[in-house]
Amino acid sequence: MDSAILYTQTLPLSFFMFFSIYLHAYFVIFRNWGRYRKEASSSFMSLTHGTPAVFLALSALLHTQSSYNFASPNSTLHNRVLEFSMAYFLMDLIHYMVFFPTNLLFILHHLATLYVIVTCRYVVNHGAYEILVLLILAEVTSGFQNVWSIVGFRKADVPIAKRLHEVLSPLFLAFYSVVRGILGPLFTFKMGSFYLSGEANGMIPRWAWISWMVVIITAILVSILWVSSHWTDLLRERNRQKKVR
């Protein structure tokens with residue numbers, strides 16, 4: 001079994017990488033995007049985190065012998081992926097606190113996510129298996145979502161962006177609904193059942209898994225409300241277009 005290294009350079013190096021990506025997006029890629037410049041830069045940075053995080057998490061799970069147990073100890077590979085994602089959420093949290101300090105929903109989301117990752121990585125040092133599976137389920141939609149968001153910023157003034165957004169919307173929302181509305185809750189139920197059985201006793205403290213479950217269930221409910229709202233908006237817009245025709 002891989003014995004985890006307590007401290008690695010992944011967190012500071014990853015944070016510097018995401019900071020550089022954000023600056024490049026803000027000052028180069030989206031410098032002429034006006035009022036959408038900040039949001040587009042954040043979405044671009046998220047794009048560079050989501051898909052790599054999925055593959056890194058999959059690799060860490062596949063290459064760690066003890067991975068497939070909810071109470072297994074973290075390996076060095078597990079911890080490096082946790083630190084990679086920690087760096088992204090720290091950088092994006094700074095983005096929201098600087099430019100959108102009143103957007104409490106995203107700020108609280110990032111703080112709660114960081115709480116789970118930090119406690120799993122540095123305090124409990126167990127449970128990375130379930131956190132990485134949930135990370136995969138959360139970020140597997142990220143690439144699709146960020147492309148959808150970026151083109152959505154310009155749909156009002158760029159015809160091709162509007163058309164692309166219209167094509168992507170039902171595909172993205174359907175994919176998101178399946179992952180966040182079905183797969184995520186199923187895995188969370190399995191995770192909660194394991195904790196309630198007492199099999200994690202002595203490895204994951206009760207305060208840790210209870211707080212993790214509160215954060216995860218809340219995030220799932222918010223995701224379901226978010227996608228439901230966008231489905232409503234999409235159907236309303238489609239009906240409006242039919243009436244105009």
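At 37% relative accessibility, D233 counts as partly exposed, where buried means under 20% relative accessible area, exposed over 50%, and partly exposed in between, with a 1.4 Å probe and protein chains only. Its partner R236 is exposed at 52% relative accessibility, and the two side chains meet in a salt bridge with an N to O distance of 3.0 Å. A salt bridge is here a side-chain nitrogen of Lys or Arg within 4 Å of a carboxyl oxygen of Asp or Glu. Because they are 3 residues apart in helix α8, R236 and D233 are separated by about one helical turn. Helices (H or I, at least four residues) and strands (E, at least two) are DSSP runs, numbered from the N terminus.

The model is predicted, so that local features need pLDDT of at least 70 and side-chain atom pairs count only at pLDDT 80 or more, whereas totals for chains, interfaces and linings use all residues. Residues are numbered from 1 along each chain as its sequence is written, and side-chain values use heavy atoms, with hydrogens and water left out.

The structure holds 4 salt bridges. One of them joins R121 to E83, with the closest N and O atoms 2.8 Å apart. R121 lies in helix α4 and E83 in helix α3, so this pair ties together parts that are 38 residues apart in sequence. R121 is buried, at 1% relative accessibility, and E83 is likewise buried, with a relative accessible area of 1%. Another salt bridge is formed by the side chains of E166 and R163, at 3.6 Å from N to O. Both residues belong to helix α7 and lie 3 residues apart, about one turn of the helix. E166 is partly exposed at 24% relative accessibility, while R163 is exposed, with a relative accessible area of 53%.

The largest nonpolar core has 51 residues, and those with the most contacts inside it are F18, L132, F187, M191, Y195, I204 and W212. A nonpolar core denotes a set of buried Ala, Val, Leu, Ile, Met, Phe, Trp, Tyr and Cys residues joined through side-chain atoms within 4.5 Å. At least two residues of this core are supplied by each of α1, α2, α3, α4, α5, α7 (159-196) and α8 (206-244). The largest share, 10 residues, comes from α3. A second, separate core of 8 residues includes W148, V151, F172 and Y176. In soluble globular proteins, nonpolar side chains tend to be buried together.

Contacts (heavy atoms within 4.5 Å) further describe individual positions. Not counting residues up to four places away in sequence, L132 touches A57, A60, L61, H78, V81 and L82. H126 is located in the loop between α4 and α5 (128-139) and is buried, with a relative accessible area of 19%. When neighbours within four places in sequence are left aside, H126 is in contact with A71, S72, P73, N74, C120, M203, I204 and W212. N125 is found in the loop between α4 and α5 as well, but is partly exposed, with a relative accessible area of 27%. The phi of N125 is near 60°, a positive value in a residue other than glycine. Most residues other than glycine have a negative phi.

In helix α1, the residues T10, L11, S14, F18, I21, Y22, A25 and Y26 are buried. Seen down the axis of α1, these buried residues fall within an arc of 125°, so they line one face of the helix; the arc is that of the directions from the helix axis to the C-beta atoms. Their cover includes α2 (37-62), α3 (76-99) and α4 (104-124). The exposed residues L13, F16 and F27 are carried on the face of α1 turned away from its buried side.

F19, L23, F27, V28 and I29 make a nonpolar surface patch of about 400 Å². Patches are made of residues with over 30% relative accessible area and no salt bridge, like charges being joined within 9 Å and nonpolar side chains (Val, Leu, Ile, Met, Phe, Trp, Tyr) within 5 Å; accessible areas come from the Shrake-Rupley method with a 1.4 Å probe, and for residues only the protein chains shown count as cover. L23, one of the patch residues, is found in helix α1 (residues 10-29) and counts as partly exposed at 31% relative accessibility.
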